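Let's take a walk through this structure together. Have the sequence and the model side by side as you read.

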Amino acid sequence: MEFDLLIVGGGLAGASLACALRGSRLRIALLDRAAPVVAAGWDARIYAVSPANVGFLQQCGVWQHIDSARLQRVERMAVFGDAEGASRGRLAFSAYEAGLDALAWIVEGGRLGDELWQTARRQPNITVVTPADPQSLELGSEGAVLALADGQRLHASLVVGADGVNSWVRQQAGLTADLQPYADMGLVANFACERPHAATASQWFRADGVLACLPLPGNLVSIVWSTPQAHAEALLALSAEALADKVSEASEGVLGKLELLAPAAAFPLRLMRVPEWVAPRVALIGDAAHAIHPLSGHGVNLGFQDAQVLAGKLLALPAFRDCGELSVLRQYERARVEEVAMLQGVTHGLHQLFGVQSAPLAWLRNAGMSLTGRLPFVRAAMTRYAAGLL
């Protein structure tokens, strides 16, 4: 089968790239081993999508089809340092103060992924191939050939690796990755809460890691607790009631009594830097190109921006240009690497800074946090950057 573009990996970044190219002259195949699954209850995979990327998903024809009852606006954010008493650092962000409708929108990963796939399936220039089990990839001067386990051979000018941190496409293209495990895990769980969350996302830097609490519709919240592996495993072993009590205590009781909605889960945390994102006839996007600590909440947003920028480069090409040319792909790479490297550096630095238990250092980092919070123009700039508007 002949295509212009093969997207290997139907996660959020890969599927959004396909949807961003809908209606174009490009013939696209979106491949994955399985379609997204919508959870029966509330999905444990919760994402905070920036306003800029909500705009991108609207342009893709996706966001407006998601059930509004499953979306939650974030109007405020509160960040707390790890010191005690008056020396404790605090930061507060407000959508209103920054002139925004929202700091972010909370959405379930399964529902967003499903709507991306449904949108892709409706497009005449997109072929969804699932289940797809890639076996080999041949890259040549005239094009690429991807062989699947069922015997299909797909020909294309460009192959996009959107297949995650352990990217098969990246390996086949000979692109290397520097993977640095954090020895931490991210524990995720959803809770019903006694007190209203007031559309506020909260984050606590603690001696045992970083606890983030994201609002969901109604009196529901979702947490990500980035914590050493041994502590994460101990939390997973607790009863539902005991885990709820631990989270309530760690979040300083701001939401009152908590009730676990479904069993918690955990995943390993790691930093991944990829020196080169492109090769002749290959480009990487999303987690195939970078991995970042979740304390920034920006991982999914970086993937959407990869997709948007790459789609823009491909749509701007005249019909006679080969979309797999290395010179074309380098333009995409140059447009993205600086922001990703900067955000990786900031989040890694924060993880290292708050990971050291030292009284003088604790005072310094908390004082810096409070000073930042007292500078309105700096706080507003940080807010707009987080929203994807700078």
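In this predicted model, His 197 sits in the loop between strand E13 and strand E14 (200-206). Is this residue buried or exposed? Its relative accessibility is 10%, and because buried means under 20%, His 197 counts as buried.

Strands E15 (residues 209-216) and E16 pair in the antiparallel sense over seven bridges, and Pro 215 has Val 221 in E16 as its bridge partner. The two strands form a hairpin with three residues between them, and Gly 218 in that turn has a positive phi of about 75°.

E16 has another partner too: strand E13 (residues 178-193) pairs with E16 in the antiparallel sense, over nine bridges. Here Met 185 stands opposite Thr 227. Eight of the nine residues of E16 (residues 220-228) are buried, so this strand is largely enclosed by the rest of the structure.

Finally, turn to helix H7 (residues 299-315). Its 17 residues reach 25 Å from the first C-alpha to the last, close to the expected 24 Å. Among the buried residues of H7 are Val 300, Phe 304, Ala 307, Ala 311 and Leu 314.

How values were computed. Residues are numbered from 1 along each chain as its sequence is written. This is a predicted model: local features need pLDDT of at least 70, side-chain atom pairs count only at pLDDT 80 or more; totals for chains, interfaces and linings use all residues. Side-chain values use heavy atoms; hydrogens and water are left out. Buried means under 20% relative accessible area, exposed over 50%, partly exposed in between (1.4 Å probe, protein chains only). Helices (H or I, at least four residues) and strands (E, at least two) are DSSP runs, numbered from the N terminus. Two strands pair if DSSP finds at least two bridges between them. The expected span of a helix is 1.5 Å times one less than its number of residues.
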